[in-house]
Amino acid sequence: MEKNKIIKLIIAIVIIVVAVVLIGGFFGDDIMYHLKNRGNLGPLTREDITFDTSIPYVSSSMHANSENSYITDYLEQDPYLVNIYEGFGFAKEYGSARGHEYTLEDVAATARPHALANCLTCKTPDYTKLVNDLGVSAYTLDFNEVYATMSKNISCYECHETKSRNGGEIVITHSYVAKALGDNMSTIDSSTLSCGQCHIEYYFTPTDKETMMPYSSVATMTPEAILEYYDSMVMPDGSTGFYDWIQPSTGAKLLKAQHPEMETYLQGKHANLLNCADCHMAIEMADDGTVYHSHYLESPLESKTILSTCVKCHGDTDMVAMVKRIQDRITDRETEVGNKLSNLKNALAAAVAGGKMSEADLDLVRKLYREAQWFFDFCYVENSEGAHNSELSAHCLEVSELRIDEAMALLN
Ligand code: HEC
Ligand code: HEC
Ligand code: HEC
Ligand code: HEC
């Protein structure tokens, strides 16, 4: 090769390397990137950003959660649910969640029965404070009596205790988080854990009716490990196996999953890269230059500010389309598996009524049905519809379908 060509080649390589370094540096800091794109900040780095601790913007953004007021009726949207939840409150009413400003109103309005005050665990800081003052005995107080004394929807205390003026330090106020996780609490980012006080799978302990998480570490937050936890729990009557309700027509002891957002997310691709706030709390700048975390908790797909932070890792991918594709795939499968589950329930109920199968054989089917319901529910009730962790959501539906097929084979 002539000397000229070699020199040209070297120059070309140098140009490429410099370009890569420059572009890398530019996109290197997500906050930098999206603040720059908002156009009105100088050359800031993450260290230069001083978050406002004077509260007004934070506070008004939190009250904006009232804008999220729409409720989807899941029972109308997916009628098979009424059948599979037969005998449990969710067959009467099951609507989508809405903003944090509606918690007290919604917990009172629900048609699902709530005898005890433990239903208030994730609804109001007044109750969190009561539990912290009284201890476990607060969980068995009468719902209506306690409710009458509660006045605030989710507020600063839940995530900052009395430290919101102390730079916004996160304080985990829900005592069961420390009780369940112990030292493993420190393995979870504190912003994520602040949401994980409520956006999780939980149960009420059989004796004290205490709110509790069914695991002790991130590794035991899988649907398999949680099922194992419930299956091996010793109940007050000496029997083994926790259940939320016994279904009248099938006699099955069933589990109702709650909203396992944190568990699902922590097993997913972003677990060690981002926290809940990164995707649900936009970093905003007010006209006077104050920079703060918006406490309006929104879908990242509806916020230009949050969407612009995805660029750092996802480049120019159309994130809205990408997420919708995942969600469509997962919700289609949910409908498919949910209907199969409903058919299994009918077949099992018919077998029970028919009286031809032995109790032992029926129990084998009931166990498979319990597992199928658990895995289906773990996916269905998670509020991101696959966006937090599409592999786990798909896996849950897969396992559910396998159990359904096994149970159907036993019935036929
Ligand atoms: C649901 C949990 C939650 C509630 C409720 C909440 N915060 Fe925050 N707050 C957070 C999180 C998460 C952050 C971001 C912390 C981080 O990532 O460093 C934060 C940050 C802050 C900061 C630091 C400055 C900033 O903007 O990042 C202040 C100050 C603050 N919050 C005040 C309040 C006040 C005042 C209230 C009540 C009006 C409140 N917070 C309610 C979770 C909450
Ligand atoms: C004290 C319990 C609690 C904490 C802490 C909490 N949430 Fe919530 N969250 C709820 C409840 C309860 C609802 C449903 C309210 C309703 O429908 O009345 C909800 C609803 C939401 C919704 C609206 C859901 C929808 O479908 O429209 C979002 C988004 C949300 N939370 C995100 C977060 C994030 C992010 C955090 C952490 C910064 C957080 N939450 C911390 C209890 C909590
Ligand atoms: C990588 C970004 C990302 C992270 C991190 C993340 N989420 Fe989400 N979350 C999403 C997306 C995307 C959706 C689907 C939004 C939609 O359908 O409009 C979603 C949906 C939700 C919803 C349903 C409400 C709604 O607006 O649809 C809740 C509640 C929620 N997330 C809570 C959490 C919690 C709690 C954490 C932390 C444990 C978390 N998210 C972490 C991206 C994220
Ligand atoms: C710090 C880097 C980083 C940022 C920022 C980031 N992501 Fe991701 N995201 C990833 C990685 C890594 C994957 C896994 C890619 C793979 O496996 O192909 C991923 C995958 C995803 C997936 C597919 C998840 C699944 O389980 O199928 C979705 C949805 C997603 N990201 C949404 C978002 C959204 C929305 C934002 C912005 C709000 C965002 N991400 C910001 C790194 C990031």
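Predicted model: local features only at pLDDT ≥ 70, side-chain atom pairs only at ≥ 80, totals over all residues.
## Around ligand 3

Let's begin with ligand 3, which has 21 residues around it. Cys195, Cys276, Cys279, Ser299 and Asn383 are the closest of these. By type, the shell holds 10 nonpolar, nine polar and two charged residues.

Three helices each give at least two residues to this shell: H11 (190–195), H13 (261–266) and H14 (276–280). H14 has the largest share, with four residues.

## Around ligand 4

Next comes ligand 4, with 22 residues around it. Those that come nearest are Lys269, Pro300, Cys310, Cys313 and Ser390. Here the shell is made up of 12 nonpolar, six polar and four charged residues.

If you trace the helices, H15 (304–314), H16 (319–354) and H18 (390–411) each provide at least two residues of the shell around ligand 4. The most come from H15, which gives six.

## The nonpolar cores

The largest nonpolar core has 30 residues, and Tyr369, Ala372 and Phe376 are the ones touching the most other members. At least two residues of this core come from each of H5 (80–84), H16, H17 (359–380) and H18. H17 supplies the largest share, 11 residues.

Setting aside neighbours within four places in sequence, Phe376 is in contact with Val337, Gly338, Leu341, Leu397 and Ser400.

Terms used:
Residues numbered from 1 in each chain as written. Chains lettered and ligands numbered in written order. Near = placed C-beta within 6 Å. Nonpolar A, V, L, I, M, F, W, Y, C, P; charged D, E, K, R; others polar. Core = buried A, V, L, I, M, F, W, Y, C linked by C-beta atoms within 7 Å. Buried ≥ 20, exposed ≤ 12 C-beta atoms within 10 Å, placed from the backbone. Contact = placed C-beta atoms within 7 Å.
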